[in-house]
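User: I have a model open and would like to go through it with you. Could you start with the terms I need?

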Amino acid sequence: MTGRDDTGRRWSIGELARTTGTTVRALHHYDEIGLLRAGERTSSGHRRYTEGDLRRLYRVRALRGLGLSLEEIADVLAGSADDLAAMRDLLTAQLRGLAAQAVRLDQLIERLHGLLDQIDGASMPGPDQFLTTLEMISVFETSFSGDEREQLAQRRAALGPAGVEAARAEWAELVVELLRHVQHGTPTDDPAVRALAGRWDALAGRFHPAGAAGERTRTAARRMWDENSGELGRSLPWPADQMRALVDYLDRVRAGLDA
């Protein structure tokens, strides 16, 4: 890694497995498919993993956690250097993913605290409260199939951290501009509004696969919003009712374009 020398420390396959929480079987598999091979061997042929190998294992595990398949991980690693910039990009992507998970967990924690407070007050929460909590637990697990989640992860990986961040910034600008039109009651056939809607859809298209697969993930994403806009809106800087109005406004703009 640029800017840092190898410390000279080495790990056997068993030591690396124990210290990283990776199974020996997985390390053998990574070796067989060429994803992670020990940088050195002892005179008797035993594997010895170097500091560079440890960093590569970290990248493999991190990318796996972001939803990439082993084949896709191999392609990513083959096309990127083991340097400070590449590691920073990976850690940033990991951090964003964990931050999004933290938001969802905070929402669920708040809901569970509410249930506990009610129980502490000697009152059993009603079925609707339990159902709402269960919905929050399952919303992100059930909105997309396993294949759809993997396809979305592939699109994010293809964009890269810089591309995702640029898209977020552009999306925030579009929200502000479109909310202004919603509040002012701008007609949906206004050319400026139609141009903004086109930019919105093009931006969303960066995160969805092409063809029929993309149509399915778009439909699933819209269904997730329609069914859970209140919960999802808590993680946004704009009130959920304003975002619902914006989405409805965009629907009317698209309907006019299709007419």
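Analyst: Two residues are in contact when they have heavy atoms within 4.5 Å of each other. This is a predicted model, in which local features need pLDDT of at least 70 and side-chain atom pairs count only at pLDDT 80 or more, while totals for chains, interfaces and linings use all residues. Residues are numbered from 1 along each chain as its sequence is written, and side-chain values use heavy atoms, with hydrogens and water left out.

User: OK, so what is Arg 59 in contact with, if I skip its neighbours within four places in sequence?

Analyst: With those neighbours left aside, Arg 59 is in contact with Leu 77, Ser 80, Ala 81, Asp 82, Ala 86, Met 87 and Leu 90. Arg 59 itself is found in helix α3, which covers residues 51-65; helices (H or I, at least four residues) and strands (E, at least two) are DSSP runs, numbered from the N terminus.

User: Is Arg 59 buried or exposed?

Analyst: Arg 59 is buried, with a relative accessible area of 6%. The word buried means under 20% relative accessible area, exposed means over 50%, and partly exposed is in between, using a 1.4 Å probe and protein chains only.

User: And Ala 86, where does that one lie?

Analyst: Ala 86 lies in helix α5, residues 84-120, and it is buried too, at a relative accessible area of 18%. Ala 86 and Arg 59 are 27 residues apart along the chain, and their C-alpha atoms are separated by 9.6 Å.

User: Let's zoom out. How many helices and strands does the chain have?

Analyst: There are ten helices and two strands in the chain, and from the N terminus on the elements run α-α-β-β-α-α-α-α-α-α-α-α. Of the 259 residues in the chain, buried ones make up 33%. If you take the contacts between residues at least 6 apart in sequence, 64% of them join residues at least 24 apart.

User: Back to the start of the chain, then. At what angle do α1 and α2 pack?

Analyst: Helix α1 (residues 13-20) and helix α2 (residues 24-32) pack at an angle of about 115°, and their axes are 9 Å apart. Axes here are lines fitted to C-alpha atoms, for helices over the stretch in contact, and angles run from 0 to 180 degrees between N-to-C directions.

User: Which residues make that contact?

Analyst: From α1 the contact uses Ile 13, Gly 14, Leu 16 and Ala 17, and from α2 it uses Val 24, Leu 27 and His 28. By class, the contact has five nonpolar, two polar and no charged residues, where Ala, Val, Leu, Ile, Met, Phe, Trp, Tyr, Cys and Pro count as nonpolar, Asp, Glu, Lys and Arg as charged, and the others, Gly among them, as polar. The loop between α1 and α2 holds Thr 23, which is partly exposed, with a relative accessible area of 48%.

User: New topic: how many aromatic pairs are there?

Analyst: Rings of Phe, Tyr and Trp (its six-membered ring) pair if their centres lie within 6.5 Å, and planes under 30 degrees apart count as stacked, over 60 as edge-to-face and the rest as tilted. By this rule the count comes to two aromatic pairs. In one of them, the rings of Trp 171 and Trp 200 have centres 6.0 Å apart and planes at 50°, so the pair is tilted. Trp 171 lies in helix α7 (residues 146-184) and Trp 200 in helix α8 (residues 191-205), so this pair ties together parts that are 29 residues apart in sequence.

User: What about Trp 171 and Trp 238?

Analyst: Trp 171 and Trp 238 form an edge-to-face pair, 5.6 Å centre to centre with 80° between the planes. Trp 238 is in the loop between α9 (211-233) and α10 (240-258) and Trp 171 in helix α7, so the pair ties together parts that are 67 residues apart in sequence.
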